[in-house]
Amino acid sequence: MSKRVASTLKPSEQRLDERSIRRGIANHLHYTVGKNPEDLSERDWFMGIAHTIRDRLTERWMRTTQRYQQRDAKRVYYLSLEFLIGRSLTNSILNLDIAEPCRSLLHEFEASEEAVIDMEPEAALGNGGLGRLAACFLDSLATLSLPGEGYGIRYEYGMFHQHIHNGWQREQPDNWLRYGNPWEFPRPEILYPVEFGGHVVEYQHESGHSAFQWTDTEHVMAMAYDMPIPGYNTETVNNLRLWSAKSSRDFDLEFFNAGDYIKAVEHKNVSETLSKVLYPSDSTFSGRELRLKQEYFFISASLQDIIHKHLQHYRTIDNLPDKVAIQLNDTHPALAIPELMRILLDRFHLRWQTAWSITVRTFSYTNHTLLPEALEVWPVSLFETLLPRHLQIIYEINHRFLRDVSHRYPGDVDRMRRMSIIGEEGGKHVRMGNLAFVGSHKVNGVAALHTQLMRETTFADFEQFFPHRIVNKTNGITPRRWLNEANPELTDLICQNIGRTWLSDLDQLKKLIPLAEDKTFQANFRQVKQNNKLRLAEFIKQRLDIDINPNSLFDVQIKRIHEYKRQLLNVLHVITFYRCLRENPDCDFVPRTFIFGGKAAPGYAQAKLIIKLINDVADVVNHDPRIGDRLKVVFIPNYDVSTALKIIPAADLSEQISTAGTEASGTGNMKLALNGALTIGTLDGANVEIRDEVGAENIFIFGMNAQEVESLKANSYNPWHWYESNGELKQVLDMISSGYFSPEEPDRFRPIVDALTHGGDRYCLLADYADYVACQQQVDALYRQPEEWIRRAILNTANMGKFSSDRTIREYAREIWDIDAVKA
């Protein structure tokens, strides 16, 4: 397009003053929504405001892209199977600082601000901490004006909507796109073929060396959808590109004409399942096959797109690592390593060493777990069927790597077996963690303890072979979402006392430390917390019809339901508390409300049974007239970002009680502490660093550390001994196993108790129980001193500066990606 023509198409500038915002909303209500003012619903208002904001983001977005190109900036591409971005409306309004004009217009037309916000569905693009971390990182990349882009999948239904029926988790489709997504830009012209199956043909390349062609494959098309990601108080708007699966042939006319209407659309339906649901169940072969296809679908499309954009600008692939950094968020995108090798070898016909050098210098890998079952492995047989060329390349990577290992450690067969990318136990399989490690120039843990354990346990052999490849990048959270949006009253209180610069420099919160001793500030801080508790109590009443005491201690555990996160240990304490209240009804107990939230994977039977136990305990406790409002138990269904924004500001106590050595980092611990909750936890994940930052006296630590857990297990841990020797624990477990909480089915929870007493108690609940209960008594004692509790809560908020995702991203940018800010 000529410059003259382009200049005639230049749109009018989208300003942020109140008059322009009002005009923009009015125009979209008229021309986009297409309704008269008297007919407008809350959803119409949401659409009108969202499109008005999108106009302004789009303008900045396009300028950002041009700026990156003009300055020849190196870019990072963040590959993640999850982006749990939550709702975008409020976050975008706050980042653009246009809350008042939007609020004023809604008030003028008597539209409820809260109802309009609630019209936006959660973007169902993730499940838990992995996806929420990715979303925080995108926010920080834009806020810091760093050239970066996210790549993922545009799931049509996300994971699932959690419904609780008779105490059991039930999964329902999460149709978040039912009413459309005003934030996305469909890009039907950006379409890439993704191949599966077929076979590999070897031939002689014109250069004289052997070459390979992957042929007779089936095709699925990947279509791009773009979402602008704004930074806070900056002109930068980065991009999140999501892929949707489309059939390479929508309709088979031959079958249709023959009257086989189902067969006519079969290929379309099968192809498009790839982007239907996040994490299809891997309990069946078809589920496992779909998951592997899903992972390859997204990395293949992403790499094709990255390389296409690179070649448009540079016309050579040789400088890819100088202009492109690719971050693998966990092992899900690890197939990108053999895929890039395939492209470099088969399309560009580079020699192996050159291709491998480019690949390793381009990729870096974030490890999120040390649990063996969470480090992905895929059967070789599945690769042979779906990705035969990639299996060849993986075998060659492994052959060359093990050759180097054998040269360094001659005769050490056990070491080679441990380090091999191909595992032999239980059938040949591909170890994706090992592949990601070998194919990346940097591998990072997400908390200091996690990184130390990586070096000492899971990746100890690799640490010796690749010294300095493992680095630590402690996770962080964005304060824009998790304080500015989540807790507006606390935000206002902080801003009144130390200004607003802390929103982009969280270390500024240290200015609150002297105010922890100030009686007026303490009173204001306490009132903010109480107001948030009242709002949460009202939400729980409306949603669950449970009355809770807003003056009770709000004890919160909100996270994915998993045995290592030990929601069950929390339940054991709830029952202990309940027993004490029943046996001593006249004692002066500190009233508590235990609040749980989280989803269990659909195929994870034990986790779903724990959810049922929580709800059965709640049913008994909440209806016991002798207990009243001194103890309540609440399980809030369908825990998501929007629900977290309601719970976190109201929490008094943050339960971070995973078995030491199992949680990589955690970010819920950071969000809760930032909002003034005190933490009770083990020395696991980022809890260790939170203790170091806030001070050991301002956190409740209990239980064994990681070394003590390993020592206990090494010395033949016998949970039955702990059961027999602790009368209180025995009574609690006997209540569960005897059917006290399930009289209609007395044996319902026996599998839970059996796993603890006879099944090895893998996560050491019984060993940590007594110390946990004793620590909870310390919590009670402190809560009886409201001024001291609030003083420590303020100090928690004040010392959370380290845990900003801005700090994390600066470290990635400087020490792994080698990218610089590109500011307007």
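**Talking through the core and a helix crossing**

Modeller: Let's start with the largest nonpolar core: among its 268 residues, Leu79, Phe297 and Trp817 touch the most other members. This is a predicted model, where local features need pLDDT of at least 70, side-chain atom pairs count only at pLDDT 80 or more, and totals for chains, interfaces and linings use all residues. Residues are numbered from 1 along each chain as its sequence is written, and side-chain values use heavy atoms, with hydrogens and water left out.

Biologist: What makes a set of residues a nonpolar core?

Modeller: The members are buried Ala, Val, Leu, Ile, Met, Phe, Trp, Tyr and Cys residues joined through side-chain atoms within 4.5 Å.

Biologist: Which residues does Trp817 touch, not counting those up to four places away in sequence?

Modeller: Contact means heavy atoms within 4.5 Å, and the partners of Trp817 include Lys74, Val76, Leu141, Ala325 and Tyr812.

Biologist: Why does Thr362 count as buried?

Modeller: Buried means under 20% relative accessible area, exposed over 50%, partly exposed in between (1.4 Å probe, protein chains only). Thr362 has 0% relative accessibility, so Thr362 counts as buried. Leaving aside neighbours within four places in sequence, Thr362 is in contact with residues including Leu320, Pro321 and His441.

Biologist: Why are helix 31 and helix 33 called roughly perpendicular?

Modeller: Their axes come within 10 Å and cross at roughly 110°. Angles of 65 to 115 degrees count as roughly perpendicular, under 35 as roughly parallel, over 145 as roughly antiparallel and the rest as oblique. The two helices are therefore roughly perpendicular to each other.

Biologist: Which residues meet there?

Modeller: Glu728, Leu729, Val732 and Leu733 in helix 31 meet Leu766, Tyr769 and Val773 in helix 33.

Methods: Axes fitted to C-alpha atoms, helices over the stretch in contact; angles between N-to-C directions. Helix = DSSP H or I, 4+ residues; strand = E, 2+ residues; numbered from the N terminus.
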